[in-house]
Amino acid sequence: MTDAATMAGLDPATLNDLLRLAGSDGFDRIQDQIRRTGGCTDPIRLQGSTVTRDAVTGHVLHSYSTDTEPGGVLRLACGNRRASRCPACAWTYAGDTYHLIRAGLVGDPAKGTPDTIRDHPRVFATLTAPSFGPVHNRPGTRPCRCGTHHPEDAPELGTPLDPESYDYAGAVLWNNHASDLWRYFTIYLRREIAKRAGLTQKAAREQSRVSFGKVAEYQKRGAVHFHAVIRFDGP
Ligand SMILES: [Zn+2]
Ligand SMILES: [Zn+2]
């Protein structure tokens, strides 16, 4: 027999849950919450209440309690940036980042960045960790150094060819200090620009601005690297 769940491509437990949800009292509100969390996979469930009173009369101006919400909770998007944790929130974040970086490159007058910045000097740079030892990889059409053509999703990709000699400590230290290294990079870059322009740092700060937009990513070998847009706004 072909039951309803099989026809819908669901297992019976999921179909039962769906039917129970769709038939429940607060379904419209649940749908509203799901829409407002952007389809978050694992929303944060808030419980509590808030009351706003007039400071003079003590009159209640506004009150809200999650008691009136379906299941007694208010759902908020988790906001996780990793697609493996929450595809919906990671997608939203990627879109936000795209618009932010784009505005920094070509301008967005509606958000206070004039179009004229598109002619300012800028660099798109990738800042990558040094080698901690050779790892299994897919160097174009050639085989890996181990002699194998690894498939794209091979679990050994990014792992050391020789675990005995791989600088694990260096790799861990790199990741641990990545945000400090980035911070020092921005400090030294500003210093270097001032020096080359023959200005003191203070004078350079008053006459120009160096703006950074960066995204941190894990490489296959597990090392953090940065993609950065660096823009120079001069006098
Ligand atoms: Zn989420
Ligand atoms: Zn290999």
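Where does H150 lie? Select it: H150 sits in the loop between β5 (122–127) and α5, with helices (H or I, at least four residues) and strands (E, at least two) taken as DSSP runs numbered from the N terminus.

Before going on, a word on what is loaded. This is a predicted model, in which local features need pLDDT of at least 70 and side-chain atom pairs count only at pLDDT 80 or more, while totals for chains, interfaces and linings use all residues. Residues are numbered from 1 along each chain as its sequence is written, chains are lettered from A and ligands numbered from 1 in the order in which they are written, and side-chain values use heavy atoms, with hydrogens and water left out.

**Stop 1: around H150**

Stay on H150 and show its surroundings. H150 is buried, at a relative accessible area of 5% (buried is under 20%, exposed over 50%, partly exposed in between, using a 1.4 Å probe and protein chains only). Leaving out residues up to four places away in sequence, H150 touches H136, N137, R138, C144, E156 and L157; contact here means heavy atoms within 4.5 Å. Its side chain also makes a polar contact with the side chain of H136, at 3.3 Å (a pair of N or O atoms within 3.5 Å; within protein, one must be able to donate a hydrogen and the other to accept it, and residues adjacent in sequence count only if both atoms are side-chain atoms).

**Stop 2: zinc, ligand 2**

Now pick the zinc ion (ligand 2). Its protein donors are H136 (ND1), C144 (SG), C146 (SG) and H150 (NE2), 2.0 to 2.3 Å away. Donors are N, O and S atoms within 2.8 Å of the metal (3.2 Å for Na, K and Ca), and sites may look incomplete because water is not among the atoms. Along the chain, the donors of ligand 2 are spaced H-x7-C-x1-C-x3-H. The angles among the 4 donor atoms run from 104 to 120°, and the site is tetrahedral (for four donors, all angles between 85 and 135 degrees). Click on C146 too: at 36% relative accessibility, C146 counts as partly exposed.

**Stop 3: zinc, ligand 1**

Jump to the zinc ion (ligand 1). C40, C78, C86 and C89 coordinate this ion through their SG atoms at 2.3 Å. The 4 donor atoms subtend angles of 104 to 113°, so this arrangement is tetrahedral. The spacing of the donors is C-x37-C-x7-C-x2-C. C40 is in the loop between α3 (27–36) and β1 (44–46) and C86 in the loop between β4 (74–76) and α4 (87–106), so the pair ties together parts that are 46 residues apart in sequence. C40 is buried at 9% relative accessibility, and C86 is buried at 0%.

**Stop 4: Q33**

Next, select Q33 in helix α3. Q33 is buried, with a relative accessible area of 0%. Neighbours within four places aside, Q33 touches E69, P70, V73, L74 and R75.

**Stop 5**

**Stop 6: S211**

Finish in strand β6 (residues 209–218), where S211 is found. S211 is buried at 18%, and its contacts beyond four places in sequence are V229, I230, R231 and D233.

Notes: Tetrahedral: all angles 85-135°; square planar, octahedral: opposite > 155°, others 65-115°.
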